[in-house]
Amino acid sequence: MGGDHGPAEVVKGALLAARRLDVEVLLVGREEEVRAEIEEIPGNVHLVDARDIIDMADKIDAVKAKPEASINVGMQLVKDGDADAFVTAGNTAAALAAALLRLGRIPGIARPGLGMVVATSEKGPTMILDVGANADSRPAHLVQYAHMGAAVMELSHGIRSPRIGLVSIGEEDSKGNQLIIEVNSALRASGLNFVGNIEAGQIPHHVADVAVMDGFTGNIFIKTVEGVAELFFDELKRAVQKTPWNLIAGMLLRPELRNAQRRLDYAEYGGAQLLGVDGVVFISHGRSDARAILGGIRAAGEAVQSGVLAQMHEIAERVPARGLIDASAANGNGDANGDDQDSSE
């Protein structure tokens, strides 16, 4: 029911997934409204009634105030084992809150992060982590993001020993604020394939397979990339239409331009995976169309089949937040109240 185009585009995307992928789809929402969008329900599509709706403009309190919202009901299906993954284009803050309340954090994970896979280069995809789950981050969070991002890129994308880059204002280890300097030092000793600090402008050139940053920076970065990509192709369309010669050149270049546009289009990847909660959750762009929903369902299915969730549990045991937070506190940067371990946060 969420997103700018729900339920129409969500249903269309789900039906595409039901036809093209080896999945069963549970459509969670007001049954009569969902059913009205479907001429004939395929055998691998099932409707799950959820009476409440959390709008895009609703505040986070709506998660508790509307227990029968589709976001809550969908998360509970995952919790109960009736679904393997949950995909939503709805309110991001509400989806984060519902995941924490219904699924909970994996014990040992400080805070979940949103990891989005993009392919701005022909060389391959890069995961950007975190893209907005946490505006304020501590060293323990970013170190765990690096481990979780590496696991996803290895298991779901087949990249052996993924390169980890830490986004900063310069490549030197001494560059950056106190957070970045501490994380750089921790990643040097992490055993990961850490390539050091990278600058934001290097990410499109595929200098790393995982680009680690705090959620405030990541959210700005990913929205800037989307905006620049849209501006570029809008300007290109206007340029092509100016003269007949431009139009002919545009027609000759159309196949390559379409390939480039697909690489830069968020719909190809279907959204960001919420890593660190005890379930497979993908949060798609609010303006997702049917193709983006299809991409989200495909990505969720691949995450389930690759065993990413089990790997997240293994990382939580191997790289526990508690020790990282204690070390940070000893340097004067930890939280005396230890709220990183509060699962209700």
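Me: Ala, Val, Leu, Ile, Met, Phe, Trp, Tyr, Cys and Pro count as nonpolar, Asp, Glu, Lys and Arg as charged, and the others, Gly among them, as polar. On that basis, how do the residues of the lining of the largest pocket divide?

Reply: First, note that this is a predicted model. As for the general idea, rolling a probe the size of a water molecule over the atoms shows where empty space is left. Here the largest pocket has a volume of about 760 Å³. Its lining divides into 23 nonpolar, seven polar and four charged residues.

Me: Which residues lie nearest the centre of the largest pocket?

Reply: Of the 34 residues that line the pocket, V25, L26, A85, F86 and V87 lie nearest its centre.

Me: Which element gives the largest share of the lining of the largest pocket?

Reply: Helix α10 does, with six residues. At least two lining residues each come from α1 (8-20), β1 (25-29), α4, β3 (85-88) and α10 (290-306).

Me: Next, the core. Which residues have the most contacts inside the largest nonpolar core?

Reply: The general idea is that, in soluble globular proteins, nonpolar side chains tend to be buried together. In this model the largest nonpolar core has 41 residues, and L114, I128, I203 and V281 have the most contacts inside it. Elements that each supply at least two residues of this core include α3 (62-65), α4 (70-79), β4 (113-121) and α8 (215-240), along with β9 (272-275) and β10 (280-283). Helix α5 gives the most to this core: seven residues. There is also a second, separate core of 30 residues, which includes I109, Y145, I164 and V319.

Me: Which residues of helix α5 are buried?

Reply: Buried means under 20% relative accessible area. In α5 (residues 92-102), the buried residues are A94, A95, L96, A97, A98, A99 and L100.

Me: What is found at the start of α5, and what just after it?

Reply: At the start, a side-chain oxygen of N91 comes to within 3.1 Å of the backbone nitrogen of A93. Just after the helix, G104 has a positive phi of about 80°.

Me: How many salt bridges does the structure hold?

Reply: Side chains of opposite charge can pair when their charged atoms come close. The structure holds ten salt bridges. One of them joins the side chains of E9 and K12, with N to O at 3.4 Å.

Me: How are E9 and K12 placed in helix α1?

Reply: Because E9 and K12 are three residues apart in α1, about one helical turn separates them.

Me: Is E9 buried or exposed?

Reply: E9 is buried, at 18% relative accessible area.

Me: How far apart are the closest N and O atoms of R188 and D173?

Reply: In that salt bridge, the closest N and O atoms are 2.9 Å apart. R188 lies in helix α7 (residues 178-188) and D173 in the loop between β6 (163-167) and α7, so the pair ties together parts that are 15 residues apart in sequence. R188 is partly exposed, with a relative accessibility of 46%, and D173 is partly exposed too, with a relative accessible area of 35%.

Me: Which residue forms a salt bridge with R30?

Reply: E33 does, and the closest N and O atoms of the pair are 3.6 Å apart. R30 is partly exposed, with a relative accessible area of 26%, and E33 is partly exposed at 29%.

Me: Which residues are linked in a network of salt bridges?

Reply: E32, D49 and R51 form such a network.

Note on methods:
Residues numbered from 1 in each chain as written. Predicted model: local features only at pLDDT ≥ 70, side-chain atom pairs only at ≥ 80, totals over all residues. Heavy atoms only, no water. Buried < 20%, exposed > 50% of the residue type's maximum accessible area, 1.4 Å probe, protein only. Helix = DSSP H or I, 4+ residues; strand = E, 2+ residues; numbered from the N terminus. Polar contact = N/O pair within 3.5 Å; in protein donor to acceptor, adjacent residues only side chain to side chain. Core = buried A, V, L, I, M, F, W, Y, C linked by side-chain atoms within 4.5 Å. 1 Å grid on protein atoms, 1.4 Å probe; cavity = no way out; pocket = protein on both sides within 12 Å on 5 of 7 lines; lining within 4 Å. Points joined across faces, edges and corners; volume = space filled by probe spheres on them. Salt bridge = Lys/Arg side-chain N within 4 Å of Asp/Glu carboxyl O.
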